[in-house]
Amino acid sequence: MRDRAVLLAAPAALLVAALFIYPFAYGLLLSFEPLKGDWLANYAQFFSSDRLWPTIGITLKLAIPATLINVGFALPIAYRMRTPSRSQKWLTTILVVPMTLGTVLIAEGMLTYFGPRGWLAQFLQLVHLYDGPIRLTHNYWGVLISLLISGFPFAFLLILSYVTGIDPVLARAAATLGAGPWAQFRHIYFPLLLPGLAMCFCLAFVQAFSVFPSAVLVGAPAGPTRVISIAAYEAAFELYDYSLASAVAMIMGFVQLAIVAAVLGARSLLYRGPVTGGKG
Amino acid sequence: MPRKRRRSQSCRKLKHDFTELRLDAVTRHFAHGAREVAALDGLTVTIRRGEFIALLGPSGCGKSTALNCIAGLLSLSAGSIWLDELRIDPLPPEKRGFGMVFQNYALFPHMSVRQNVGFGLRMRGVPRAEIEKRVARALELVQLRGHEEKLPGQLSGGQQQRVAIARAIVVEPPLVLMDEPLSNLDARLRLEMRAEIRRIHRSLGRATIYVTHDQEEALSMADRIVVMKDGRVRQIGAPAAIYSEPADLDVARFMGYRNELAATVEHVAGAEVMLSGGLHGRAMGALTPGMHARAAIRPEDLALGTGPLAGRVENVEYGGRDSLVDVLLADGTRLHVRSAQSAHLGEHVGVAFAPHRLLVYPVG
């Protein structure tokens, strides 16, 4: 019976194989078949070219702060909203909106709002709060803001689900033992949340690392926000060098994997058991 | 460094000893849709040092609400709580310093037994060496030495329960609050833990407030029982008094007076009442001849034999030492009789009882 039940997973396994494993293997092999040179020529080119290898650093410089800010802000807000209430329902509804909009629409909105003649600049100049030029688009900050807008709801909703999964009676027990609100968070909620936060960090990071539309639309794709996915795009669709593009994609995947593996490795050192305090 | 000093100061504010805890008209409302419903309505009781008090009642009677109000986990809608001359109801739970044992134990799943038990002391800024010593002593008291490094998930239900108790008492609180702590244990363990909890209560010498819906538990453990129903106190008294003289019909029902007879009062002489049908009973309220009344009696106080009641045996439940016999009277009333002698289905039997065991309450 049980052996046959495994077969139920077959369609999903096939789908994963067709949509993920096959393209990945294909890309990997393709990356070792450069247009000219030996089998590692693409990788050698990537790490020796000033146009290519700095994109790793540029992407990390965007993705890591964006992820840290998203997770860091989502945590206290989700913690404050942990008891079900009307405001919780409203906030989660409002936060789902940017997730459904997509990055292109967010970039569109940002250009009218944060642009040099956007509403923000006009408003600040109107009330004479700040008269200098405001440059929040077509540079690093534009992309970072866009990553925050699109990434925060995701981090918030994920953390909220972790927070509400922790039995609130644990915090009450801590309170009767003399723990104030901060100590309750520090000693009870935070350690129990940490594995979930690590997971949330990984997912948010992978999302931010593959940034593409906003890096083009509200960034400076020629220089400061020339992220790794732009490099891959250029290789594939401007140079028509699919092999090089595959190599860039492989490197991109490897960097993501390295960061995720490091975080999940640290996570395995943490307590990861039930988050309730006894028999239900 | 300054943080440490502030902690030890706030620790000094927590009381370790007291003379009495006074609950003065403690009331708690809950919003139920648009309406406000009183889950607890005017609870007034004084608990003295050394006392073991049981709050007893069916589920939804307000006993857990009362406990949470005392612990500070629920704010009061009205009334006040006093620990001697200190008014504590505006204080948050962490400033009250009462120990609490939760129904589902609420052990911190990510901390070892040692860390769980030591948590309260750590919050009070007690030095590490002393924490070590006091945790060891508390674990000794609940007979859990040798399990210090285990996580709660690795312990059995009974062991988890004892960790929860050790964690609550290690800070030597003036008051230990227990919310149905034995309801998740099996019958044998429950009996053992009853004696254990009494022993721990005596060795601490402070006060315990124990919430339960199990009348047997309350009778066997408490010095005084507070019987509650629908958010109100129905009776406060020693177990023996509650057992033999329930204040009203509801309390009587809850304390195991399973049999009820409707009757009219014919004659009253002091505590003795004569009812229609030739029944003699004991007056439990102001009764006058002609009045409608209800008489209550336990199955244990009835016997099969020649008596003023008679009927047909409807059901027999064998229970080892005795049997529970259901007797259907001519007027349709069903009596439960705990009888040492067996009976046969359909047999006509008489039912006898001692008149002072039949409690007669006025109706309305």
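Reader: Into which domains is chain B divided?

Author: In this predicted model, where local features need pLDDT of at least 70, side-chain atom pairs count only at pLDDT 80 or more, and totals for chains, interfaces and linings use all residues, chain B is divided into domain 1 (2–98 + 173–244) and domain 2 (257–362), with bounds that come from an automatic or database domain assignment. Residues are numbered from 1 along each chain as its sequence is written, while chains are lettered from A in the order in which they are written. The C-alpha centres of domain 1 and domain 2 of chain B lie 37 Å apart.

Reader: Why is helix 3 of chain A called roughly perpendicular to helix 13 of chain A?

Author: Helix 3 (residues 41–48) and helix 13 (residues 242–267) of chain A pack at an angle of about 65°, their axes being 9 Å apart. Roughly perpendicular covers angles of 65 to 115 degrees, so helix 3 of chain A is described in that way relative to helix 13 of chain A.

Reader: Which residues of helix 3 of chain A meet helix 13 of chain A?

Author: They are A:Asn42, A:Tyr43, A:Gln45 and A:Phe46, where contact requires C-beta atoms, placed from the backbone, to lie within 7 Å. By class, this contact of helix 3 with helix 13 of chain A has 6 nonpolar, 3 polar and no charged residues, with Ala, Val, Leu, Ile, Met, Phe, Trp, Tyr, Cys and Pro counted as nonpolar, Asp, Glu, Lys and Arg as charged, and the others, Gly among them, as polar.

Reader: How many residues does the contact take from chain B and from chain A?

Author: The contact takes 29 residues from chain B and 24 residues from chain A. On the side of chain B that touches chain A, the residues divide into 17 nonpolar, 9 polar and 3 charged.

Definitions and conventions:
Axes are lines fitted to C-alpha atoms, for helices over the stretch in contact, and angles run from 0 to 180 degrees between N-to-C directions. Helices (H or I, at least four residues) and strands (E, at least two) are DSSP runs, numbered from the N terminus. Angles under 35 degrees count as roughly parallel, over 145 as roughly antiparallel, 65 to 115 as roughly perpendicular and the rest as oblique. Two residues are in contact if their C-beta atoms, placed from the backbone, lie within 7 Å.
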